[in-house]
Amino acid sequence: MNNIVELKNVVKIYHRGDEELHPIDGIDLAVGEGDFVSIVGPSGSGKTTLLYLIGCVDTPTSGAVIIDAVKTSELKENDLARVRSGKIGFVFQQFFLLPTLTALENVELPALFSEHKAKEERARELLNVVGLSGREHHLPAHLSGGEMQRVAIARALINDPKLLLADEPTGNLDTANAEAIFGLFEKLSYRGLTIIAVTHNMELAGRAQIIRHLKDGRFVD
Amino acid sequence: MTIVSLAIKNLKRHRIRTLLTILGVAIAAATLFSILSFDVGYRKALHEEVANTGINLFVSTEGCPLEAASLIIHGGEIPKFLSMERLKEVKSVEGVKQAGGFLIFSLPTPDGSKVDLFYGISDDVPKLKPNWKIRGSWFKDENSIILGSEVARVEKRDVGDKIYIESLNKEFNVVGILERTYGQDDGFYYLPLATAQKYFRKEGKLTAIGVQLFDVTQLESVKNKLETLPDVYVVPAKDMSKQILELIGGTKALMYSVLLIALFVSGLGLLNTILMATFERQKEFGYIRCVGAQPFDVMKLVILETLAICLLGIVLGIAGGLGLSVSIEHWIRQFLPYIPAGRLLRPDAFVVLITVGATLTLGIIAGLYPSYRASKISPMEAIRNE
């Protein structure tokens with residue numbers, strides 16, 4: 001099985017005044033195609049920073065990040081944007097739905113900045129996959145929290161990414177909706193999508209195939 | 001969905017703010033459109049008026065020849081006079097086709113409420129005024145009077161009526177009405193030259209002489225010949241246009257200053273709106289960058305939003321400029337030292353093109369900084385402080 005994500009001795013150092021912070025301190029990770037990985041750990045353990053590095057939103061101070069055989073740690077910003085557009089889907093705790101766009105248009109949004117321009121049919125299919133068929137023309141203000149997150153998941157999938165990164169995707173949802181979102185991740189993983197989700201919720205994390213525990217910038221399992 | 005529809009939807013978030021910004025751009029566009037329409041229209045109207053007089057040269061007595069020429073067209077008194085002998089001499093100069101004498105007088109009405117303008121004209125004058133259309137007939141006798149269309153309307157007189165001129169204590173027979181010229185000619189009382197000379201006690205005197213040539217290419221040579229006559233000043237009609245345009249230069253400078261201020265204020269308003277919209281959406285831009293938008297895509301989105309405001313402002317501004325052209329023209333007329341006949345605001349394709357081009361340029365300049373700022377937002381912004 002091919003590795004979609006490979007991290008080799010990745011270090012990230014920040015400076016806050018004279019203080020040197022190591023939120024990621026020498027991490028090795030390999031995630032295979034179709035894997036569903038949960039990353040858990042206390043606040044400040046480096047979960048989110050790790051997700052940014054994998055998602056090409058941030059670059060490591062040292063070490064190598066390889067996404068779908070592309071060494072992204074050596075790419076410039078424009079090339080990183082192309083990797084994000086073509087290979088990665090993002091889901092955040094705050095849904096980032098544009099308030100003036102309908103659910104359908106929000107799902108289509110990332111396609112505007114990719115090579116695949118016409119995506120309306122695909123957006124409808126994805127809304128159907130996340131169980132929002134019939135809600136295409138609703139504005140975010142008319143959707144519940146769970147529905148908004150499902151729109152955000154459909155949006156993350158519009159460019160057919162190989163990797164879905166979710167940062168506390170259930171942080172703003174009640175238990176039933178949180179369960180539904182992880183159920184959806186299981187379904188997507190079963191279909192071959194690689195998923196890495198960061199969460200505080202150990203019960204939900206347990207639904208992933210692989211759980212990795214992070215503490216002080218290192219895996220402790 | 002396209003990036004254009006996305007830009008338009010973004011503008012709908014703050015409808016009132018967007019509307020006010022569009023209005024600011026519309027005012028600037030309308031000002032630009034109106035001033036350019038005036039610039040073009042005034043020049044055309046002036047050239048047409050000078051051409052329509054059929055007069056190639058104006059002859060007056062010593063003094064400012066421009067003033068004399070202007071008064072022949074506009075009406076007004078010149079305190080110095082030419083003798084009737086000069087008219088005969090002018091007619092006899094080689095190259096002169098027609099020459100007509102004018103005696104111009106203004107008299108306040110006894111109640112002082114207005115000033116009546118009288119134009120004593122010789123029988124040659126209609127040949128110098130090819131655009132004149134007279135309903136009724138030419139002067140039949142010394143008691144005849146022809147009324148400018150505006151005078152006829154105000155005095156409620158028609159051909160065949162009588163009119164009592166209180167300031168002259170004399171009743172005249174209205175033999176003709178000059179059809180509307182949309183110029184100053186509409187506001188005059190026209191008397192036979194001899195009658196005017198008699199009632200204004202200027203027998204054998206003329207205010208000025210209008211001259212038409214056989215061949216306008218000979219203008220310089222005929223002018224030189226006319227200038228050999230004693231106490232005579234000659235000004236070519238084409239020089240008059242040029243000098244009048246210089247005369248209104250101050251008014252135009254004032255209008256262009258107003259335009260610059262309008263454009264500057266509108267540009268600042270636009271910059272402020274787009275900059276605010278950019279600051280408000282940092283996380284959104286960060287998210288868009290996160291999902292693969294290049295810095296140029298973000299820049300394009302912001303510039304499109306700016307251009308959408310500009311385009312709507314241009315449409316509204318041009319429509320407003322057209323709709324209010326009558327009122328704008330009426331307003332501008334108050335500040336002009338010389339007003340030619342006909343419409344003063346004459347928009348054409350060139351005016352529209354300059355209005356669109358200049359306003360869009362303003363939009364691009366105003367949108368550059370906010371779009372640059374937006375394009376520099378890092379994808380980290382989307383997820384920071386989650």
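Student: Which residue just after α4(A) takes a positive phi?
Tutor: Keep in mind that we're looking at a predicted model. The residue you want is Gly131(A), with a positive phi of about 80 degrees, just after α4(A).

Student: And α4(A) itself? Which of its residues are buried?
Tutor: The helix covers residues 120–129 of chain A, and its buried residues are Ala123(A), Leu126(A) and Leu127(A). Looking down the axis of α4(A), you'd find these buried residues within an arc of 100 degrees, so they line one face of the helix.

Student: What do the buried residues of α4(A) pack against?
Tutor: Two other helices of chain A: α3 (103–112) and α5 (145–156).

Student: Let's move to strands. In what order do the 4 strands of the open sheet in chain A come?
Tutor: Read across the sheet and you get β2-β1-β4-β5, with antiparallel pairing.

Student: Why is one side of β2 and of β5 of chain A left without a neighbour in the sheet?
Tutor: Check how many partners each has. In chain A, β2 (19–32) and β5 (70–71) each have a single partner strand and stand at the edges, so one side of each has no neighbour in the sheet.

Student: How many bridges join β1 and β2(A)?
Tutor: Strand β1, residues 3–16 of chain A, pairs with β2(A) over 10 bridges, in the antiparallel sense. To find your place in that pairing, look for Glu6(A), which stands opposite Ala30(A) in β2(A).

Student: Which helix lies across β1, β2 and β4 of chain A?
Tutor: That's α1 of chain A, residues 47–54. The strand β4 spans 62–67, and α1 runs at about 60 degrees to β2(A).

Student: What about β9 of chain A? In which sense does it pair with β3, parallel or antiparallel?
Tutor: Parallel: β3 (residues 36–40) and β9 (residues 210–215) of chain A are joined over 4 bridges. Here Val40(A) stands opposite His213(A) in β9(A). With strand β10 (residues 218–219) of chain A, β9(A) pairs in the antiparallel sense, over 2 bridges.

Student: What lies between the strands in the hairpin of β9(A) and β10(A)?
Tutor: There are 2 residues between them, and in this hairpin Asp216(A) takes a positive phi near 50 degrees.

Student: How is chain B divided into domains?
Tutor: Its domain assignment gives domain 1 (3–48 + 248–383) and domain 2 (62–231). The C-alpha centres of these two domains of chain B lie 49 Å apart.

Student: Could we finish with one residue of chain B? Is Gly100(B) buried or exposed?
Tutor: Count its C-beta neighbours inside 10 Å: there are 26, so Gly100(B) counts as buried. Gly100(B) lies in strand β3 of chain B, residues 96–108. Beyond its neighbours within four places in sequence, Gly100(B) has contacts that include Ile121(B), Val125(B), Leu128(B) and Ile209(B). Leu87(B) is 13 residues from Gly100(B) along the chain, and their C-alpha atoms are separated by 7.4 Å.

Methods:
Residues numbered from 1 in each chain as written. Chains lettered and ligands numbered in written order. Predicted model: local features only at pLDDT ≥ 70, side-chain atom pairs only at ≥ 80, totals over all residues. Pairing = 2+ DSSP bridges. Contact = placed C-beta atoms within 7 Å. Axes fitted to C-alpha atoms, helices over the stretch in contact; angles between N-to-C directions. Domains from an automatic or database assignment. Buried ≥ 20, exposed ≤ 12 C-beta atoms within 10 Å, placed from the backbone. Arc of directions from axis to C-beta.
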